[in-house]
Amino acid sequence: MSKLFSFSGTDDFFPGSSIYPNPKESSLLLSLGRHVDVYFPSNKRSRISAPFVFSGERFEQKPSIEVLPDECLFEIFRRLSGGQERSACACVSKRWLTLVSNIRRDEISDSKTSEALNLKDVEGGGYLSRSLEGKKATDVRLAAIAVGTASRGGLGKLLIRGSNSRRGVTTVGLKAISRGCPSLRVLSLWNLSSVGDEGLREIADGCHQLQKLDLCHCPAITNDSLLALAKGCPDLTDLTIEGCANIGNEGIQAVARCCSNLKSISIKDCPLVGDQGIASLLTSASFSLTKLKLQALNITDVSLAVIGHYGKAVADLTLTSLPKVTEKGFWVMGNGHGLQKLKSFTVKACLGVTDLGLEAVGKGCPNLKQFCLRKCAFLSDNGLVSFAKAAGSLESLELEECHRVTQFGFFGSLLNCGPKFKAISLVNCLGIRDLNLGLPPLSRCESLRSLSIRNCPGFGDASLAALGKLCPQLQNVEFCGLHGITDVGFLPLIEKCEAGLVKVNLSGCLNLSDKVVCKMADSHGWTLEMLNLDGCCKITDASLIAIADNCQLISDLDISKCAITDSGIAALARSGLITLQILSVSGCPMISDKSLPSLAKLGQTLLGLNLQQCKAISSGAVDMLVEQLWRCDILF
């Protein structure tokens with residue numbers, strides 16, 4: 001520093017050598033005057049916010065809009081002639097974007113404002129739709145969406161899934177949406193730990209047309225948010241709350257008081273929501289609420305009693321994992337006679353489901369069409385049969401992991417069901433055993449069209465033979481993972497089906513052979529559209545030849561992990577009858593590059609081809625197929 005202050009102008013800073021190691025760098029010296037030189041390195045450019053004008057030995061600063069305070073810029077932006085001009089300004093910098101995004105619709109003072117507010121939306125069924133996920137979910141992007149959609153009719157649907165870990169969505173981003181998107185109708189927020197009550201209050205203050213709200217795993221949101229939304233968004237019709245531990249009865253009651261048009265409510269894993277909140281919803285929206293889903297809540301029999309009495313408009317009801325609900329709750333709900341319009345009812349993992357309660361539900365819901373029971377440990381054959389007798393309008397029944405239901409309950413429900421019963425499904429029911437049942441000779445279930453039995457190890461040939469006699473109008477059958485069925489049981493079922501099989505899924509049935517497929521192709525080839533033989537290791541080329549000769553309508557064929565060869569694929573390709581759209585030969589080790597011409601011929605109609613785990617097919621052959629079958633989605 002002493003040398004610097006004693007510098008007289010005659011001394012050199014770098015005595016004895018040039019300041020430029022490279023002579024070419026001398027061209028980077030910028031002369032500003034007779035005695036002023038400035039060096040600008042080539043690898044870095046200075047940022048100048050306001051230009052300079054150099055006059056002799058003086059340099060003056062030229063006026064720039066950047067020196068204006070935010071208040072002045074805000075006034076300028078809101079007086080621009082149109083939305084496109086404001087959008088262009090928002091692209092200049094984050095500062096300008098922030099200012100433009102904070103302009104409310106009613107603060108815009110130009111002649112086109114009224115016209116812009118009346119513009120009809122142009123996307124997504126009447127409104128613009130935007131979605132942000134993961135790293136893309138930031139306040140800056142939300143501000144850009146708010147500005148960009150304002151001049152095109154306004155944003156109507158916004159979905160935010162997750163958030164950027166460093167610059168996540170906060171109140172600032174939601175404030176921009178509330179200012180620029182008053183037409184917002186659908187808002188979905190998932191996994192946003194940085195969004196709290198202040199952000200939701202901004203939405204309630206600016207988006208009064210909001211109709212659907214989905215809050216999933218937003219731990220910072222409390223009852224205060226629902227209080228503000230209930231007052232600011234009275235047109236709310238759909239509300240979904242999941243994993244919000246700080247939302248309780250107070251918030252739910254506020255929604256029930258202020259939103260009289262509620263149609264769909266789903267509340268899951270909110271420990272503070274109890275009977276008071278659910279009761280207020282049902283009593284306030286008794287004639288509008290059509291869909292109700294309650295899962296993992298601390299509600300008791302009181303809530304079910306209220307549902308049974310006040311759920312006059314409920315058509316779709318789902319109850320899952322309600323540990324405090326007992327048999328009394330289901331019995332009272334059924335005897336409340338308020339669920340006259342209930343059409344679809346799903347119960348999962350509720351220990352309160354017993355024979356007595358289920359019979360009451362069947363009697364109290366005369367229009368019930370679809371009923372699903374999963375993981376109901378105390379339901380037995382007597383309750384299932386009693387329910388089938390009482391539910392005269394039932395069309396579809398699904399049982400999953402109901403281990404006390406046996407063969408007697410299964411066939412008893414088929415014999416006692418109403419004339420509209422069309423489909424039944426059993427999944428992982430370990431109580432099913434293969435017994436020789438003496439069914440009445442005249443008893444038949446003429447209405448049943450669809451039968452699905454998956455992963456019930458006790459189901460075997462005797463049960464199949466009984467089904468063939470009992471259900472002659474079957475069209476869609478699904479037997480998955482049933483090692484106990486063989487040709488002996490399946491062949492009579494094929495012979496008894498009078499209407500013609502349309503969709504058949506036999507995946508994982510290891511003991512079925514070509515006899516079954518050949519008989520099916522011969523008897524039902526005129527109706528068969530889909531056949532799944534995945535994992536049927538006894539199926540060979542003989543089955544493919546029968547399919548090629550008889551199944552004219554088949555469009556979906558899965559022969560993965562079967563004992564087929566190139567000859568079977570060639571037989572399919574030679575057939576002039578079939579027009580396959582989906583073909584899966586995954587895990588067939590005997591299919592090689594020799595099948596390339598056959599697959600190319602089949603590919604004229606194929607939309608999907610699965611060649612995974614076909615180790616005898618080379619990658620070069622697959623590349624050639626990809627070039628030829630440009631319309632087909634090929635998995636390899």
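**Stop one: a histidine and its neighbours**

Select His 524 and show what surrounds it: leaving aside residues up to four places away in sequence, His 524 touches Ile 494, Cys 497, Gly 500 and Leu 501 (contact means heavy atoms within 4.5 Å). Before going on, a word on ground rules: this is a predicted model, where local features need pLDDT of at least 70 and side-chain atom pairs count only at pLDDT 80 or more, while totals for chains, interfaces and linings use all residues. Residues are numbered from 1 along each chain as its sequence is written, and side-chain values use heavy atoms, with hydrogens and water left out.

Back to His 524, which you'll find in helix H19 (residues 514–524); helices are DSSP runs of H or I with at least four residues, strands are runs of E with at least two, and both are numbered from the N terminus. Is His 524 buried or exposed? It has 2% relative accessibility, so it counts as buried (under 20% relative accessible area, with exposed over 50% and partly exposed in between, using a 1.4 Å probe and protein chains only). Now look at the side chain of His 524, which reaches the backbone nitrogen of Leu 501 at 3.2 Å.

**Stop two: helix H16**

Next, select residues 407–416. Seven of the ten residues of this helix, H16, are buried, so H16 is largely enclosed by the rest of the structure. Colour the buried ones: Gln 407, Gly 409, Phe 410, Phe 411, Gly 412, Ser 413 and Leu 414. What do they pack against? Show helix H15 (381–390), strand S16 (423–427), strand S17 (450–454) and helix H17 (461–470).

**Stop three: the phenylalanines**

Together with Phe 459, Phe 479 and Phe 490, they form one aromatic cluster. Rings of Phe, Tyr and Trp (its six-membered ring) pair if their centres lie within 6.5 Å; planes under 30 degrees apart count as stacked, over 60 as edge-to-face and the rest as tilted. By that rule, there are six aromatic pairs. The ring centres of Phe 410 and Phe 411 are 5.0 Å apart with planes at 70 degrees, so this pair is edge-to-face.

**Last stop: a charge over a ring**

Finally, jump to Arg 161 and Trp 190. The charged end of Arg 161 sits over the ring of Trp 190, 3.8 Å from the ring centre (the rule asks for NZ of Lys or CZ of Arg within 6 Å of the ring centre and within 35 degrees of the ring normal).

Notes. Polar contact = N/O pair within 3.5 Å; in protein donor to acceptor, adjacent residues only side chain to side chain.
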